[in-house]
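Q: Can you walk me through the aromatic pairs and the nonpolar cores in this one?

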Amino acid sequence: MNNNRLRPLTAAELPRLSELETCCFAPPWSDAQLLSYLSGKRYLCYGIWQAGRLNGFALLSTVLDEAELLQVGVRPDCRGQGLASELMRYVHEELQSCGVNRNMLEVRSSNDAARKLYVRLGYQEDGIRKGYYPTDSGREDAILMSCNNLTLPSER
């Protein structure tokens, strides 16, 4: 039985999102940035909860019938449990219900787990942004990906 609770996040949950953002990313986005996504009309913010704790989130922007995944994160001690997959499937369902039929994203070239997840969900590679992400030792490429059919693979 699934004990995860998936739902949109609200501005009132900024402290929890900010704490999770800090766990997942260095440097983290500021509270002001996160609040703009939580309260902006063209942004969608979703969370996955377990036992009352926010363990994953996805932030997206939308324009007409397209979306862009801006950020997705799962609490480090919860990785490897399928939460990102569950969250992304929920995101696809929500996007479909909003009339969105294309989602785009960029992912670090070194993030094999995320790239494999996106391919399983129907994303394909569209290109590369050379040197896009800063690293401790220089810069890393971003792989551009998109999904033009948000129907889940099991539904195709």
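This is a predicted model: local features need pLDDT of at least 70, side-chain atom pairs count only at pLDDT 80 or more; totals for chains, interfaces and linings use all residues.

Q: How many aromatic pairs?

A: Six, where rings of Phe, Tyr and Trp (its six-membered ring) pair if their centres lie within 6.5 Å; planes under 30 degrees apart are stacked, over 60 edge-to-face, and the rest tilted. Phe 25 and Phe 57 make an edge-to-face pair, 6.4 Å centre to centre with 75° between the planes.

Q: Are those two buried or exposed?

A: Phe 25 is partly exposed at 26% relative accessible area, whereas Phe 57 is buried at 0%. Buried means under 20%, exposed over 50%, partly exposed in between (1.4 Å probe, protein chains only).

Q: Which residues form a ring cluster?

A: Trp 29, Tyr 37 and Tyr 43 are linked by ring pairs.

Q: OK, cores. Which residues have the most contacts inside the largest one?

A: Leu 60, Leu 95, Tyr 118 and Tyr 123, in a core of 27 residues. A nonpolar core is a set of buried Ala, Val, Leu, Ile, Met, Phe, Trp, Tyr and Cys residues joined through side-chain atoms within 4.5 Å. Helix 3 gives the largest share, six residues; helices (H or I, at least four residues) and strands (E, at least two) are DSSP runs, numbered from the N terminus.

Q: What does the second core include?

A: That separate core has 13 residues, among them Leu 14, Leu 34, Phe 57 and Leu 59.

Note on methods: Residues are numbered from 1 along each chain as its sequence is written. Side-chain values use heavy atoms; hydrogens and water are left out.
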